[in-house]
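Me: I am new to this structure and would like to go through it with you, one question at a time. Please show it to me before we start.

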Amino acid sequence: MIGRGLFSTYEMERADVDAILVEAASFREVLSRPIPVVPALRGSTIAMLFFENSTRTRTSFELAAKRLSADVLNFSPATSSVSKGESMRDTAETIAAMGAAAMVVRHSSAGLPLAMSEWSGLPVVNAGDGSHEHPSQALVDLVTLTDRRGNVDGARVTIVGDIDHSRVARSNIWLLSAMGAHVTLVAPPTLLPATTVGWPVDVTDDLEDVLPETDVLMLLRIQRERGAGRRLPSLREFTMRYGMDARRAEMLPEGALIMHPGPINRGIEISPAVADSPNAVIGEQVANGVAVRMAILYRVLAGAAGKAVGAVDA
Ligand code: CP
């Protein structure tokens with residue numbers, strides 16, 4: 001994984017997860033300094049290739065690279081030669097020829113970040129590939145939960161909403177279950193994958209039944225850009241059965257945490273009162289994004305260069 005890049009949590013080794021938890025804590029300390037910059041990646045150029053829209057992931061990877069003193073090469077698909085018919089392979093090779101040390105790639109096609117790495121010979125971080133995986137978001141979520149709970153071993157995690165289209169759900173299922181959490185998926189049958197056989201999860205369509213047994217509630221938006229709206233009678237009906245509002249929040253055990261990877265659609269999967277409640281850690285997830293992505297970039301590039309990992313204060 002590390003060295004060639006970060007493509008999924010499914011194939012992450014426990015040692016890499018543990019190292020990222022430790023290094024993210026170090027980088028959080030760096031970010032609290034008056035001058036929140038270390039020279040760890042000085043001289044390296046990291047290319048950001050986002051073929052799908054993003055607020056959190058793109059800006060936090062860019063800030064993470066800058067806090068590590070790397071140069072950032074921003075690539076805009078709409079104004080690039082992709083719009084003139086250049087292939088993804090030629091694009092990857094072009095970025096590599098300019099001397100980039102690594103790429104961060106988001107694309108609607110599952111597997112594209114891995115292909116970009118193979119074509120370019122560069123380490124690539126998957127910033128979300130179709131409905132496949134979003135490993136950095138799951139690592140952000142793990143750090144947020146570890147902060148709040150100490151660990152996730154034995155935690156009862158309930159993931160609610162558009163599971164089928166959710167790369168965040170997949171990355172969290174593999175990562176949190178590997179770390180000892182018990183994961184339950186809640187969705188209407190039309191928003192579940194065709195099969196979950198072999199997945200380390202329980203599945204139900206009854207949200208109110210599982211809320212009293214939930215320590216961590218992870219809400220997902222309906223991905224209308226991927227056609228999820230066509231799988232529901234109406235968004236209103238989804239909200240009535242699966243939306244998290246103040247009444248349902250009362251059914252959670254005291255101290256249960258409410259998470260959302262963002263962007264949130266207020267009034268659909270989460271009410272404003274719940275999104276802004278003390279138990280919601282959505283802002284903490286965003287805040288942890290920079291330090292976690294510093295740890296990922298540092299490990300990926302240190303691994304690629306065969307450098308020692310750990311001395312972040314160089
Ligand atoms: N969570 C997440 O991936 O958000 P963005 O689409 O804004 O990057």
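Me: How far apart are the mean positions of the positive and negative charges of the chain?
Reply: This is a predicted model, in which local features need pLDDT of at least 70 and side-chain atom pairs count only at pLDDT 80 or more, while totals for chains, interfaces and linings use all residues. Residues are numbered from 1 along each chain as its sequence is written, and side-chain values use heavy atoms, with hydrogens and water left out. Lys and Arg count as positive and Asp and Glu as negative, leaving out His and the chain ends, and each charge is placed at NZ of Lys, CZ of Arg, CG of Asp or CD of Glu. For the 30 positive and 36 negative charges of the chain, the distance between the mean positions is 6 Å.

Me: What percentage of the residues of the chain count as buried?
Reply: A residue is buried when its relative accessible area is under 20% (1.4 Å probe, protein chains only). Of the 314 residues of the chain, the buried share is 54%.

Me: Which helix holds Ala-169?
Reply: Helices (H or I, at least four residues) and strands (E, at least two) are DSSP runs, numbered from the N terminus, and the chain has eleven helices and ten strands. The helix with Ala-169 covers residues 167–178 and is H6.

Me: Which residues does Ala-169 touch, not counting residues up to four places away in sequence?
Reply: A contact means heavy atoms within 4.5 Å. With residues up to four places away in sequence left aside, Ala-169 touches Ile-159, Ile-163 and Leu-220.

Methods: Buried < 20%, exposed > 50% of the residue type's maximum accessible area, 1.4 Å probe, protein only.
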